[in-house]
Amino acid sequence: MASLGEDVTVVVRPEKLASYPRDLTLERPSGSGSITAPAKAVAELRDPVDVLWIATKTYQLQTALESVRVVPGCVLPLLNGVDHIAALRA
């Protein structure tokens, strides 16, 4: 999304913030290269977002959600199972 000009913000643990890269590099699934694009890293999400992608371990979900201080337009969970659905809806 960032490579297409959209703003991307990554929420990371506070202790990782200083060392988090300013650009993210994603490998193409086909193996035909990679995409590098800027991403802003924050310890807490305070600015409105259209989509919040949740990509954490289930046991870290509650801690991760505590760092989200805004209600996103849409939440897209990338977690295994269905136990997280109730927590995300709340």
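Asp47 is partly exposed, with a relative accessible area of 45%; the term covers values between buried (under 20%) and exposed (over 50%), computed with a 1.4 Å probe and protein chains only. Asp47 forms a salt bridge with Lys40, and their closest N and O atoms are 3.6 Å apart. The model is predicted: local features need pLDDT of at least 70, side-chain atom pairs count only at pLDDT 80 or more, and totals for chains, interfaces and linings use all residues. Residues are numbered from 1 along each chain as its sequence is written, and side-chain values use heavy atoms, with hydrogens and water left out.

**Salt bridges**

- Side chains of opposite charge can pair when their charged atoms come close.
- A salt bridge here is a side-chain nitrogen of Lys or Arg within 4 Å of a carboxyl oxygen of Asp or Glu, and the count comes to four.
- Lys40, the partner of Asp47, is partly exposed at 46% relative accessibility.
- Arg46 pairs with Glu44 in a salt bridge of 2.5 Å, N to O; Arg46 is exposed at 54% relative accessibility, whereas Glu44 is partly exposed at 28%.
- Arg69 and Glu44 also meet in a salt bridge, at 3.0 Å from N to O.
- Arg69 lies in the loop between helix 1 and strand 6 and Glu44 in the loop between strand 4 and strand 5, so this pair ties together parts that are 25 residues apart in sequence. Helices (H or I, at least four residues) and strands (E, at least two) are DSSP runs, numbered from the N terminus.
- Arg69 is partly exposed, with 48% relative accessibility.
- Through shared partners, salt bridges join Glu44, Arg46 and Arg69 into one network.

**Pockets**

- A pocket is an open set of points on a 1 Å grid over the protein atoms alone, where a 1.4 Å probe fits and protein lies on both sides within 12 Å along at least five of seven lines; lining residues have an atom within 4 Å of a point.
- The largest pocket holds about 1,500 Å³ of space, a volume being the space filled by probe spheres set on the points, which are joined across faces, edges and corners.
- Its lining has 43 residues, and Thr9, Val10, Val11, Leu52 and Trp53 lie nearest the centre.
- Elements that give two or more residues to this lining are strand 1 (9-11), strand 2 (23-27), strand 3 (34-38), strand 4 (40-42), strand 5 (51-54) and helix 1 (61-66).
- By class, the lining of the largest pocket has 27 nonpolar, seven polar and nine charged residues. Ala, Val, Leu, Ile, Met, Phe, Trp, Tyr, Cys and Pro count as nonpolar, Asp, Glu, Lys and Arg as charged, and the others, Gly among them, as polar.
- The second largest pocket has about 230 Å³ of space, and its lining includes Leu52, Leu65, Val68 and Pro72.
- The lining of the second largest pocket divides into 10 nonpolar, no polar and no charged residues.

**The loop between strand 6 and helix 2**

- Leu78 is found in the loop between strand 6 (74-77) and helix 2 (85-89), and is partly exposed at 48% relative accessible area.
- Asn80 lies in the loop between strand 6 and helix 2 and is exposed at 73% relative accessibility.
- Asn80 and Lys57 are 23 residues apart in sequence, and their C-alpha atoms are 8.5 Å apart in space.
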